[in-house]
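Here is a short briefing on one protein model. Please look over the sequence and the structure before reading the points.

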Amino acid sequence: MSHSEQYDKGESNLLSSHSLSWWEIWKRLIEISSVYGPKLVQSMWLLVLAALLQGGALACIMPLFVAIFTTQDAQVVFIWLGVMTVLMLLSSAARWGAQGFDFRGDMAQNTHQLRTRLGEKLRIVPLETLKDKRAGEVNATLLGNVDENMAYTLTIANMLLNALVCPLVVAVFTLYYDWRLGLLLMLIFPTLIPLYRWLAPRFSRGIDNYVAAHQQMNANILEYTQGIQVMRATGCVGEKAERLQESLAYLEKVQIEGQEKGTKPNLLISSVFELGMLFVFGCGAYLVTKGETDLAVLAALLVVIVRYAEPLSSFIGYTKIIHLVEASLVRIETLLQVTELPQLPPQEPQSYDIEFEKVDFSYQGSNHSDLKEFDLKIPARSMTALVGPSGAGKTTVTRLLMRYADPQNGCVKIGGVDVRAIPAESINHLISVVFQDVYLFDDTILANIRMARPEASELEVQQAAIAANCHDFIRSLPQGYHTHVGDIGSRLSGGERQRISIARAILKNAPILILDEPTAALDTESEVAVQSAIDHLIKDKTVIVVAHRLSTIISASNIVVVDQGKLAEQGTHNELLHKRGKYSVMWQAQQRVKHWHLTESA
C-alpha cells in the first residue's frame, strides 16, 4: 500500500462520515472550551449584535438618500447621519467587546487549558493505544489542531455574520420603502442553503485530506530531524529521504487538487450572487423608469449592492474554515475520548513481591498470543532475570507489570494487590526502569536526573550521581550539572547517558526495579562503570532484568526462560545448565560466539 493510500485510510477514518451541522460544531466548541465556554458564547452574541447594528447603520442609507433626493431637508439629513453614526459606533463597541475574548487573553488561556487537558489525557491513555501513533501526529494534534480549532472561531464567525446578517437587515428595511425590491433581496439568501449543501461534503473531504496529509508530514519531518544522523550515515538525505519526500509530494497534490476542485464552484457561486444582485438592481431601475419607486431608493440599493456583493459571493468560501475547525475538533475529541484502563477500587500494596497468574495477553491488532497462561512468582528483594529469544515475550512481561496494557485473562499482582486496583500514580512511584535505549530530554543534566523526584535538592541529585559513577564526568563538563544534554541526550556518549539514567533511578529509589539490558550497547570501560552503578542501585529492591547476554545474570536468584509467550523453565544458573534445556542451549551458543574471530580475506 502506498503512503497516499495509508493517509486516506489512516486519520481520515476518525472523522465523521458526513459534515456536522454548524449548531453541532458550535455546541462541541462550547463543551471543549470548558470554563471559557460562557465567555465564548457572550462574544458570539456580541458579534451577532454588532452585525445587526452594522446592518441597521447601512439601512439608514435609504432614508438618508430619500431625504437628500426628495425632501432636501438638511435637518432630516443630519438626523439620519447621526443615527447612522451612532449605530456604527455601537456596532464597533459590540465588536470590540466580542474580540475582547482574544485581546484580554481568554483565547490564549482557553487554548492553554485545552492543551493541558490533552496533556493530562496523554498521561492516562493506555500506552498500547499510543504505540501506533507517531510523535509528530500527536504533536500536530496538541499544537496545530488546537490552534485551528480555537484561533479561527471568532474571526470566521465575524466574517460570516457580516456577510449574512447585515444584508439581511438591509433587505428587511428595504421592504418598508419598496416591498418588491426588499423581497427580491431576501430571496437571494435562501439560495445559500442548496449551494452550501451541495459543496459542504466536498469541502469536508478536501479539508480532511489536507489535515491528514499535514499531520503525516509533521510526523515525517520530526522523524527525519530526530534521525538525521542515521539518514546521513545511510545516504538517505535530501531527495533520497523517500518517506519525507512522499509526504511532501502528497501534501502538494492535496493542495493542488483542493485549488482545482474549488475554483469552478467558487466562480459559479460568485456569479450567482453577483448576477442576482445585478438582477435586483435591474428590477429597481425598471421600477424607477415606470415611476413606481424613488430614484433615491435605487441609489441606496446600488450602495448596498456594491458593499455586500463580494462578501455574499465569498460566503461559501468562508465556510471552508468551518470544515477546518470541524476536522481539528474531531481529532481533539478523538484523543479526549480515548478510554483509559479500568480502575478497580484503589488499594496500596504493603509489600513488593510480584505475581503473574494465568496471564493471557495479545497486543491490539495481533493475531497471536504474546503471553499464554503465563505464571510467575517473584519474591520481594530478589533478582529475577528474564531470558529467551527475541519476540518471546520478555518485554511484554515488564510492560504488563507497568500496566502498559491489561491482560485479556489472568492478573498481575504487586504485594498481593491486582495492579488494576493500584492507582496509576502509585504504580509510577513503585517502579523504576533503566532502559537499554536511554531517552534524555533537551534540558540540563540536573533537570534530567531530578525529574525522578522533582522536589529533590541539588545535593541529593549529586549524591545520586556519585552513586551512579557519573559525578566526575559531569563536573568536567563546561557548565557541570547545568550543561544541556541536547536532543535525546545527543551531546553525551552512550555510557554517559546510561549512567545519568541510573542516577535518575537511584534518586527515585523505587522498591521495584526493571533493567532492560542496560549494558548491552556499551564498550568495556563504560560497561564496568555502569555495572558498578547498577550494583549500588539494586540493593534491597525487587529487581527484574531483561537479559540477552547470559553472562550478566549468572548471579540472579531466579532465571526465567520465556519462549513463545510461555514460561519454559526457571531456576538458578547452575540448575538450568544441569537440566540441559533451552537455557543450556542458549548458554552454549553464547559461549561459542566468544571464540569467533574475523579473518582477512585474501
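Of the 602 residues in the protein, 47% are buried. The model is predicted. The protein holds 24 helices and 10 strands.

**Confidence**

- The mean pLDDT is 77 for the protein. A value of 70 or more is reached by 75% of the residues.
- Residues 1-18 have a pLDDT below 50. This stretch still makes 29 contacts in the model beyond near neighbours in sequence.
- Where pLDDT is low, predicted coordinates should not be read in detail.

**Overall fold and surface**

- Among contacts with a separation of 6 or more, 76% join residues 24 or more positions apart.
- The protein exposes about 30,600 Å². Carbon and sulfur atoms supply 57% of that area.

**A nonpolar surface patch**

- Six residues, L168, V172, L175, W179, L183 and L187, form a nonpolar patch on the surface. Together they have about 550 Å² of accessible area.
- Two elements each give two or more residues to the nonpolar patch: α9 (153-177) and α10 (179-188).
- W179 lies in helix α10. Its relative accessibility is 56%, so W179 counts as exposed.

- Helix α16 spans residues 394-401 and is mostly covered. Six of its eight residues are buried.
- The buried residues of α16 are K394, T396, V397, T398, L400 and L401.

- E373 is a residue other than glycine, yet its phi is positive, near 45 degrees.
- E373 sits in strand β2, which covers residues 371-378.
- Is E373 buried or exposed? E373 counts as exposed because its relative accessibility is 56%, and the cut-off for exposed is over 50%.
- R381 is not a glycine either, and its phi is positive at about 55 degrees.
- Where is R381 found? R381 belongs to the loop between β2 and β3 (383-387).
- R381 has a relative accessible area of 65%, so this residue is exposed.

**Points to check in the viewer**

- Find W179 in α10, then trace the patch through L168, V172, L175, L183 and L187.
- Compare the buried residues of α16, including V397 and L400, with exposed E373 and exposed R381.
- Treat residues 1-18 with care, as their pLDDT is below 50.

Key: Residues numbered from 1 in each chain as written. Predicted model: local features only at pLDDT ≥ 70, side-chain atom pairs only at ≥ 80, totals over all residues. Heavy atoms only, no water. pLDDT = per-residue confidence, 0-100. Contact = heavy atoms within 4.5 Å. Patch = residues over 30% accessible without salt bridge, like charges linked within 9 Å, V, L, I, M, F, W, Y side chains within 5 Å. Areas by Shrake-Rupley, 256 points an atom, 1.4 Å probe, with all protein chains shown as cover. Salt bridge = Lys/Arg side-chain N within 4 Å of Asp/Glu carboxyl O. Helix = DSSP H or I, 4+ residues; strand = E, 2+ residues; numbered from the N terminus. Buried < 20%, exposed > 50% of the residue type's maximum accessible area, 1.4 Å probe, protein only.
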